[in-house]
Amino acid sequence: MHAREVSVDRTFVLRLETGRDWRAQLEAFAAEHDIEAGWFTGLGAVQGAELYYYDQPSQTYAPFEVDEPMEVAACVGNVSLLDGEVFAHTHAVLSDPTGRTVSGHLNRAETYAGEVYLQAFEDPIERSHDERTDLDLWRFDDGN
Ligand code: ZN
């Protein structure tokens with residue numbers, strides 16, 4: 001395990017804009033406010049969601065779409081730098097009218113409504129390619 005101590009620098013509550021992409025709004029906000037690391041939780045409603053499932057044996061992302069309007073029963077994610085750009089790694093649990101859920105790595109979704117709590121950390125966190133998982137994982141000062 002690799003760990004680093006972080007200090008929460010600033011905290012924000014965000015009301016996401018209807019009609020705009022959920023994750024892109026978070027990334028735009030982070031970029032505008034010089035947030036290069038952070039953690040967030042959120043809830044709301046979306047439509048036209050595209051989620052990814054990471055298939056470990058083949059090390060590929062398998063995308064799937066959910067076209068109908070869904071509740072964002074829970075959203076959790078973090079902000080860090082990927083190739084020098086702000087990346088909001090976002091996971092979500094979406095629920096349908098019967099309460100059944102689909103969930104995964106949220107690539108895109110049109111926001112209907114969204115409320116997010118964001119903690120911005122003082123120092124940046126960067127991602128780099130990890131050979132074993134073929135994922136872009138957090139890189140810490142110990143070289144890993
Ligand atoms: Zn993910």
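1. Which strand is H105 found in? H105 sits in strand β6, which covers residues 101-121. (Strands are DSSP runs of E with at least two residues, numbered from the N terminus.)

2. A quick word on what you're looking at: this is a predicted model, where local features need pLDDT of at least 70 and side-chain atom pairs count only at pLDDT 80 or more, while totals for chains, interfaces and linings use all residues. Residues are numbered from 1 along each chain as its sequence is written, and side-chain values use heavy atoms, with hydrogens and water left out.

3. Now the metal. H89 (NE2), H91 (NE2) and H105 (ND1) coordinate the zinc ion at 2.1 Å, and their spacing in sequence is H-x1-H-x13-H. Donors here are N, O and S atoms within 2.8 Å of the metal (3.2 Å for Na, K and Ca); water is not among the atoms, so the site may look incomplete.

4. How covered are these histidines? H105 is buried, at 11% relative accessibility, whereas H89 is partly exposed at 21% and H91 is partly exposed at 37%. (Buried means under 20% relative accessible area, exposed over 50%, partly exposed in between, with a 1.4 Å probe and protein chains only.)

5. Leaving out residues up to four places away in sequence, H105 touches E50, L51, Y52, Y61, F87, H89, T90 and H91; contact means heavy atoms within 4.5 Å.

6. One last stop: W138. This residue lies in strand β8 (residues 135-139) and is partly exposed, with a relative accessible area of 31%.

Conventions
Helix = DSSP H or I, 4+ residues; strand = E, 2+ residues; numbered from the N terminus.
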